[in-house]
Amino acid sequence: MAGWWIWAVFAAFILIMFAVDLFVRGSVHKVSMKEAAIWSAVWVLVSLLFNAGLWAYLYSTEGIQVANEKATAFLTGYLIEKSLSVDNVFVWLTLFNFFGIPAELQRRVLIYGVLGAVIMRTGIILMGTWLVTNFEWILYVFGAFLVFTGIKMAWAANKESDVENNRFLRWIRGHIPITKSLRGHHFLVREQGRLWATPLLVVLIMVEISDLIFAVDSIPAIFAITRDPFIVLTSNIFAILGLRAMYFLFSGLADRFSLLDYGLGLVLVFIGIKLLIEHWYTIPISWSLATVAVIISATMLISWYWTDRHQES
C-alpha cells in the first residue's frame, strides 16, 4: 500500500519520539500519575491523528472505500494490540516489585525495553508477512494458535507468577555474573577487574523476554484483520509506544482489572475463529472492531464493579 517515503516518514517520527524521551524528558525520574495520564492521552491522540492522516492520503489517492477499509483496519489492530499489551504491563509490575526497582529507575528500563520491543516486533512482523505471502495455509495455524492461547490465558487468569522459578531467570543467573544490589542507574559495572550485570539489566532482559512472548501471541491476531504490512506494523508500533505511560497509569490500579484476562482470552478466541472460518465466511473489519471494543469495555467495567463489591464485603 505505502510508498517508500511513507515508511521513511514513519521511521523518522518514531526516532524523534524516542529522542524526546531520552534527551528532553530524561530517562531517570519518578513518573507521576498526572504525567502518565497526559502522555497516555498524547500517544492515543498521536495514533488517531496518524490514522486520520492515513485516511486523508488514501482518500485523495485511492478513494473513500480503500481509505475507510485501511483506517478501520489500523484502528482495529491498534485496539487489539493495546488491549493485549495491558497484560504485559502487569507482568512488568510483577518484575519491578520482585527485583525492588525504585520508581525513578523503572522508566529508564522501560525506555530501552520498548525500544528493543519495536526492533523485535518489526522483525517478527516482516517475517510473518513473508510467511503469509508465501504460505497462506499458515493463517490456519495462526488461527488455531490464537484459540489455544485465548483459552490458556483465561484458564490461567489471576494465577500468581512465580518469578523466582522462572526458567529464563534461572538461566540468566547461572550464566551471567550479577551484583547483589543496584548500582544506581547503571546496567553494567566493572568491579574487581570483572564486568558485572546489575539487577537493572536482569529486569531489562526479562522485560524483553516477556514482550517476545506476548508478541508471538498477539502479532498473529493482526493478520486476522489485514495482510497489509504497513498497517500491521504501524498499528502494532503505535500501540506499544504508549506502553510506558500506560504502565505508570495502571500500576496502581492492577487489582481493579483482575478479570481482564478473561476478556483478553475471549478476544484471542474470537480473532482465532475469524481466521479459521475466513475461507467460508469473512467477518467484516467493522464487525471485528465493534466486537473487540465491546468485549474489552465490558470486561473492564465488570472487573471494576467486581473489585468494588469484594472490597466492600
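## Phe 74, a buried ring

With a relative accessibility of 1%, Phe 74 counts as buried, because buried residues are those under 20%. This value, like the others in this report, was computed from a predicted model.

Phe 74 and Tyr 78 form a stacked aromatic pair. Their ring centres are 6.2 Å apart, with 10° between the planes. Both residues belong to helix α3, and because they are 4 residues apart there, about one helical turn separates them. Tyr 78 has a relative accessibility of 7%, so Tyr 78 also counts as buried.

## Aromatic pairs across the structure

In total, the structure contains 19 aromatic pairs. One of them joins Phe 50 and Phe 74: the planes of these rings meet at 45° and their centres lie 5.5 Å apart, so this pair is tilted. The two residues come from distant parts of the chain, 24 residues apart. Phe 50 is in helix α2, which covers residues 33-61, while Phe 74 is in helix α3, which covers residues 64-99.

## A charge over a ring

Another kind of contact involves Arg 194 and Trp 196. Arg 194 is placed over the face of Trp 196, at a distance of 5.1 Å from the ring centre.

Notes. Residues are numbered from 1 along each chain as its sequence is written. This is a predicted model: local features need pLDDT of at least 70, side-chain atom pairs count only at pLDDT 80 or more; totals for chains, interfaces and linings use all residues. Side-chain values use heavy atoms; hydrogens and water are left out. Rings of Phe, Tyr and Trp (its six-membered ring) pair if their centres lie within 6.5 Å; planes under 30 degrees apart count as stacked, over 60 as edge-to-face and the rest as tilted. Buried means under 20% relative accessible area, exposed over 50%, partly exposed in between (1.4 Å probe, protein chains only). A charge sits over a ring if NZ of Lys or CZ of Arg is within 6 Å of the ring centre and within 35 degrees of the ring normal.
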